[in-house]
Amino acid sequence: MDDDPARAADNGAAAVVHALVDRGATLAVVESLTGGLLAATIVDIAGVSGVFRGGLVAYSTELKSSLAGVPAELLAERGAVDPDVAVALAEGARTRCGADWCLSTTGVAGPEPQDGKPVGLVFVAAAGPAGTVVRRLDLDGNRLRIRIGAVSGALHLLAERLHAEAVESPVGGGR
């Protein structure tokens with residue numbers, strides 16, 4: 001088994017892109033702590049142009065609200081590193097980018113805690129046709145390792161959702 005987190009993220013991106021191509025579905029991303037790394041990992045995959053709509057890098061709290069549509073009150077009350085913020089990011093960017101699916105990342109890459117949240121605390125969300133799912137990740141390592149882990153975690157979450165969707169509505173399911 002390969003313990004290289006960057007390779008795991010690349011493999012996750014390939015699986016997600018191919019699944020989206022097979023379904024004719026589109027993807028967008030909205031990133032905070034990953035700062036464009038999620039989008040870069042996705043666009044490294046051949047054939048992505050048919051599914052990837054684009055993304056937003058909303059590193060500052062203000063841009064999470066103005067670009068991605070996260071309610072300012074939510075950000076003021078809970079801060080940027082919160083599961084409900086991850087959900088709002090994904091849902092807002094999905095709408096703004098006109099995509100079937102959207103992934104979001106928010107968290108603390110370090111080296112210092114942020115707003116009382118520990119280094120390595122990350123929330124990823126996947127918004128899609130059947131709703132939004134959020135996952136908490138508790139990651140270890142330096143900034144790069146945490147950012148790569150967030151990318152891998154987001155891609156894994158979307159792969160799970162795509163698999164669940166395929167199981168719930170199999171092709172040729174007698175309709």
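Predicted model: local features only at pLDDT ≥ 70, side-chain atom pairs only at ≥ 80, totals over all residues.
Leaving aside neighbours within four places in sequence, Lys64 is in contact with Ser32, Ala58, Tyr59, Gly69, Val70, Leu75, Ala80, Leu89 and Thr106.

Lys64 is buried, yet it has no salt bridge. Asp115 is the nearest side chain of opposite charge, and it is 9.2 Å away; a salt bridge would require a side-chain nitrogen within 4 Å of a carboxyl oxygen.

Now switch to a cartoon of the whole protein. Six helices and five strands are present, and from the N terminus on the elements follow the order α-β-α-β-α-α-α-β-β-β-α. The radius of gyration is 15 Å, close to the 16 Å that the globule rule gives for 175 residues, so the protein is as compact as a globular protein of that length. Oriented along the principal axes, the C-alpha atoms fill a box of roughly 50 × 40 × 25 Å.

Colour the residues by accessibility: 47% of the 175 residues count as buried. With contacts drawn, 64% of those between residues at least 6 apart in sequence join residues at least 24 apart.

The protein exposes about 8,500 Å², of which carbon and sulfur atoms supply 52%.

Terms used
Residues numbered from 1 in each chain as written. Heavy atoms only, no water. Buried < 20%, exposed > 50% of the residue type's maximum accessible area, 1.4 Å probe, protein only. Lys, Arg positive; Asp, Glu negative; His and termini not counted. Contact = heavy atoms within 4.5 Å. Helix = DSSP H or I, 4+ residues; strand = E, 2+ residues; numbered from the N terminus. Rg over C-alpha atoms; globule rule 2.2 N^0.38 Å. Areas by Shrake-Rupley, 256 points an atom, 1.4 Å probe, with all protein chains shown as cover.
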